[in-house]
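User: I am new to reading models of this kind, and I would like to learn how each feature is to be read before I look at the case itself. Could we go through them one by one?

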Amino acid sequence: MSALTPQTHRSSGNAPLTRASELAADVKALMAAGDRDRACARFEELVAQQQRRAVRIAYHYLRDAHDADEAVQDAFVKVFTHIGSYREDYPFEVWFTRILVNGCLDLRKARARRLRWSVPMTTTPDGVQVDPPSPDRGPEASLLSGARGKEITAAVARLPERQRTVFTLCQIGELSTSEVSQSLGLSEATVRVHLFRAVRKLRQLLER
Amino acid sequence: MFIRSRHLADDRIVDACLDGALSASEAGHLDACPGCDARRAEFSRLLMDVSVAAAEGADEAFPEARLTRQRSRIMQRLVQHGQPGRLLAFPGSAIEPAPLSARPRPATRWIAAAAAAGLALGLLAGHLTDRLTPANSRRASQAVLRSLGDTGSAQSVGTVRQLSEEEFLSELDAAVSGVGSDALRPFDALTPRISEVALRE
Ligand SMILES: [Zn+2]
């Protein structure tokens, strides 16, 4: 498949692939052809195209902007270094989301480990006052303008984890239930159940 | 107009709001029943509100300038480390350096606490090596000794500082759980571990 004719890329279901999938296929082909510079240029386009969605997912998954930044960077670097394993007939968004979610998991485990082994202190040995480690500086602490916005974001943060994951990928990551099921390795029925529970819980939390 | 006697359950209404295909009779009912249609409108509004608010929350934390910086950093990392076709790195190795080194971390005494705990564990594990579960204890002991730079003494705290934070804490966790050798298993970044996504509901 030529890297120069992305419009010819087709999914296995014969549906046209997304722009992101086309770009990923181009990067793969260019790398295979040894044209790293053009592959990088094309990859930067891919990052720009997927970045907003990625940070939204990671931010709501990790509830911390720094961690989200780190997770998104790592995910894109992994994508590039493993572009050879990308299947051109597979939606890039699904493949990428798998990598991103796995990265978020690793970061969360690392964060938990840090908390487990840390002894917080508010002064250095030199007596300098420092900030104590804050718990998740979550979206609820963000500068959302409206009170309703804050209330909604806090409600999402209060969802049980699996519900929040599925809800985040569907409603914030803009994946279909079928794509979420592929990304997470869950059946589509299970995804729908978690999604419904999330919506029901949100309605309950947001009822006045 | 004929209205199917039973109203749609909430999950079917939510499915209708998403991409779920309704059966012909369900769709017919939804079209004809003002009550169910009102519920659909309510759920649709809720979904829309939540999606918009959630996206705005993330977008405020990541304004365009921050995305641009992030993109530059990614491209920089590709130049520095991105060699395609390489094996996935072990945690803490050069291919996946601890990113965002400039990221401010709250000051803690974790290194001292972890070193003390690790040392105590190493001594305990070493003591038990010949008496209880030899294999596990030896592995735990070795993991701790590795994390202490193989000197096995309290003087090695200086060596500890050369290890990455993650590497060191992983070793400690491994030593505690008695699965030290697992720390050497390459991590599989491309296989979802959904079982870990949520163990609790
Ligand atoms: Zn009805």
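Analyst: We can begin with confidence: pLDDT is the predictor's confidence in each residue, on a scale from 0 to 100. Helices are DSSP runs of H or I with at least four residues, strands are runs of E with at least two, and both are numbered from the N terminus. This is a predicted model, in which local features need pLDDT of at least 70 and side-chain atom pairs count only at pLDDT 80 or more, while totals for chains, interfaces and linings use all residues; side-chain values use heavy atoms, with hydrogens and water left out. Residues are numbered from 1 along each chain as its sequence is written, and chains are lettered from A and ligands numbered from 1 in the order in which they are written.

User: Where in chain B is confidence lowest, and where is it highest?

Analyst: Confidence in chain B is lowest in helix H7 (residues 157–160), with a mean of 39, and highest in helix H4 (residues 64–81), at 94. Over residues 128–162 of chain B the pLDDT is below 50, and this stretch has 39 contacts in the model beyond near neighbours in sequence, a contact being heavy atoms within 4.5 Å. Residues 178–201 of chain B also have a pLDDT below 50, with 56 contacts in the model beyond near neighbours in sequence. For chain B as a whole the mean pLDDT is 63, and 37% of its residues reach 70 or more.

User: What are the corresponding values for chain A, and what does the predictor give for the complex?

Analyst: Chain A averages a pLDDT of 81, and 78% of the residues score at least 70. Even so, pLDDT stays under 50 over residues 1–13 of chain A, for which the model has 26 contacts beyond four places in sequence, and it is below 50 over residues 120–145 of chain A, a stretch with 49 contacts beyond near neighbours in sequence. For the complex, the predictor gives an ipTM of 0.79 and a pTM of 0.64.

User: How many helices and strands does each chain have, and how much of each chain is buried?

Analyst: A residue is buried when its relative accessible area is under 20%, exposed when it is over 50%, and partly exposed in between, using a 1.4 Å probe and protein chains only. Chain A has 8 helices and 0 strands, and 57% of its 208 residues count as buried. Chain B has 9 helices and 0 strands, and buried residues make up 36% of its 201 residues. Among contacts between residues at least 6 apart in sequence, those joining residues 24 or more positions apart account for 62% in chain A and 50% in chain B.

User: Which residues coordinate the zinc ion, and what is the geometry of its site?

Analyst: Donors are N, O and S atoms within 2.8 Å of the metal (3.2 Å for Na, K and Ca), and sites may look incomplete because water is not among the atoms. Here the zinc ion is coordinated by B:His7 (ND1), B:His29 (NE2), B:Cys33 (SG) and B:Cys36 (SG), at 2.0 to 2.3 Å. Four donors count as tetrahedral if all angles lie between 85 and 135 degrees; with angles of 99 to 118 degrees among its 4 donor atoms, the site of the zinc ion is tetrahedral. Along the chain these donors follow the spacing H-x21-H-x3-C-x2-C, and both B:His29 and B:Cys36 are buried.

User: How do H5(A) and H3(B) cross, and which residues meet there?

Analyst: Axes are lines fitted to C-alpha atoms, for helices over the stretch in contact, and angles run from 0 to 180 degrees between N-to-C directions. Angles under 35 degrees count as roughly parallel, over 145 as roughly antiparallel, 65 to 115 as roughly perpendicular and the rest as oblique. The axes of H5(A) and H3(B) come within 9 Å and cross at roughly 95 degrees, which means that H5(A) is roughly perpendicular to H3(B). In this crossing, A:Gly149, A:Ile152, A:Thr153 and A:Val156 in H5(A) meet B:Asp49, B:Val50 and B:Ala53 in H3(B). The buried residues of H5(A) pack against H2, H6 and H8 of chain A together with H3 of chain B.

User: Is B:Leu78 buried or exposed, and which residues does it touch?

Analyst: B:Leu78 lies in helix H4 of chain B and is buried, with a relative accessible area of 0%. Leaving out residues up to four places away in sequence, B:Leu78 touches A:Arg36, A:Phe43, A:Val77 and A:Phe80.

How values were computed. Tetrahedral: all angles 85-135°; square planar, octahedral: opposite > 155°, others 65-115°.
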